[in-house]
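Biologist: I am new to this structure and should like to go through it by question and answer. Could we begin once it is displayed?

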Amino acid sequence: MPSEQTLAGKRILIFVGDIYEDLELWYPHLRLKEAGAESVLAGLTAGETYAGKHTYPAKADIAIADLDPNTFDGVICPGGFMPDRLRREDQVKSLVRHFHDKGQLVAAICHGGWFLASAGICRGTRQTGSPGIKDDMIHAGVTWEDAEVVVDGHIVTSRRPDDLPAFCRAIIGVLEKQA
């Protein structure tokens, strides 16, 4: 039985870089495609293959510096060690702020919350993430919740790979509500 294509016409950006958390990138990437969305991997260099934390390769479809955020409906920020490096890039912070300011999907799992903190979009929001970044997120202004998924408007956050089913259901729910 074919799955519903409820996200047909949606285009979602997913950050990729060295030492990303493999499941936190691939599960949403494939789940969004299954739902009919176009899922685009963006790294510092287009065409570069990045190794995940568990060595699974992911090739960037586009360079972060070359993309037009107006052609996307949201962003997903996987965890691993990648966020600590990519969140230092001004273009990455600008992209996250762009989606937030437009009320579009901003989703982060595990250490991916660092993208949101560095972009300055946390104050006054409810979020979760890896317990390892809890203090950072609270200092960034988050009301912390220990839950498999927290949805605060267009912001979706989860803690770890075990939470991926709830994370993806919440992402799809937010995207289906977006005009």
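Biologist: Is Cys-110 buried or exposed?

Modeller: This is a predicted model, and the assignment rests on computed accessibility. Cys-110 lies in the loop between β7 and α4, and its relative accessibility is 12%. Buried means under 20%, so at 12% Cys-110 counts as buried.

Biologist: What is the phi of Cys-110?

Modeller: Cys-110 is a residue other than glycine.

Biologist: Where is Ile-19, and what is its phi?

Modeller: Ile-19 is placed in the loop between β1 and α1. Because its relative accessibility is 39%, Ile-19 counts as partly exposed. Ile-19 is also a residue other than glycine with a positive phi, near 65°.

Biologist: What distance does helix α1 reach from its first C-alpha to its last?

Modeller: Helix α1 covers residues 22–34, which is 13 residues. At 1.5 Å a residue, the expected reach is 18 Å. The reach in the model is close to that expectation, at 18 Å.

Biologist: Which residue just after α1 takes a positive phi?

Modeller: The value of this phi is about 100°. The residue that takes it, just after α1, is Gly-36.

Biologist: Which residues of α1 are buried, and what covers them?

Modeller: The buried residues of α1 are Asp-22, Glu-24, Leu-25, Pro-28, His-29 and Leu-32. Their cover includes the strands β1 (11–15), β2 (38–43), β4 (57–59), β6 (74–77) and β7 (105–109). It also includes the helix α6 (164–177).

Biologist: How are α1 and α6 arranged: parallel, perpendicular or oblique?

Modeller: Two packed helices are described by the angle between their axes and the distance between the axes. For α1 and α6 the angle is about 45°, and the axes are 10 Å apart. That angle makes α1 oblique to α6.

Biologist: Is the crossing of α1 and α6 left-handed or right-handed, and which residues make the contact?

Modeller: The crossing of α1 and α6 is right-handed. On the α1 side, the contact is made by Leu-23, Glu-24, Tyr-27, Pro-28, Arg-31 and Leu-32. On the α6 side, it is made by Leu-164, Pro-165, Phe-167, Cys-168, Ile-171, Ile-172 and Leu-175.

Biologist: How far apart are the end C-alpha atoms of α6, and which of its residues are buried?

Modeller: The 14 residues of α6 should span 20 Å at 1.5 Å a residue, and the end C-alpha atoms are 20 Å apart, which agrees. The buried residues of α6 are Leu-164, Ala-166, Phe-167, Cys-168, Ala-170, Ile-171, Ile-172, Val-174 and Leu-175.

Biologist: What covers the buried residues of α6?

Modeller: Among the covering elements is the helix α1. The cover also includes the strands β1, β6, β7, β10 and β11 (155–158).

Biologist: Which residues touch the most other members of the largest nonpolar core, and which element gives the largest share?

Modeller: In soluble globular proteins, nonpolar side chains tend to be buried together. The largest nonpolar core here has 55 residues, and those touching the most other members are Leu-13, Phe-15, Leu-32, Ile-76, Phe-115, Leu-116 and Ile-171. The largest share of this core, seven residues, comes from α6.

Biologist: Which residues are in contact with Leu-13, leaving aside its neighbours within four places in sequence?

Modeller: Leu-13 is one of the residues that touch the most other core members. Leaving aside those sequence neighbours, its contacts are Val-40, Ala-42, Leu-67, Phe-72, Gly-74, Val-75, Ile-76, Leu-95 and Phe-99.

Biologist: Which elements do the buried residues of α3 pack against?

Modeller: The buried residues of α3 are Val-92, Lys-93, Leu-95, Val-96, His-98 and Phe-99. They pack against β1, β6, α2 (82–86), β7 and α4 (113–119).

Biologist: Where is Ala-147, and how far is it from Arg-159 in space?

Modeller: Ala-147 is in the loop between β9 (143–144) and β10 (149–152). Not counting residues up to four places away in sequence, Ala-147 touches Thr-128, Arg-159 and Asp-163. Ala-147 and Arg-159 are 12 residues apart in sequence, and their C-alpha to C-alpha distance is 7.4 Å.

Definitions and conventions. Residues numbered from 1 in each chain as written. Predicted model: local features only at pLDDT ≥ 70, side-chain atom pairs only at ≥ 80, totals over all residues. Heavy atoms only, no water. Helix = DSSP H or I, 4+ residues; strand = E, 2+ residues; numbered from the N terminus. Expected span 1.5 Å × (residues − 1). Buried < 20%, exposed > 50% of the residue type's maximum accessible area, 1.4 Å probe, protein only. Contact = heavy atoms within 4.5 Å. Core = buried A, V, L, I, M, F, W, Y, C linked by side-chain atoms within 4.5 Å. Axes fitted to C-alpha atoms, helices over the stretch in contact; angles between N-to-C directions. Parallel < 35°, antiparallel > 145°, perpendicular 65-115°, else oblique. Left-handed = near helix turned anticlockwise from the far one by under 90°.
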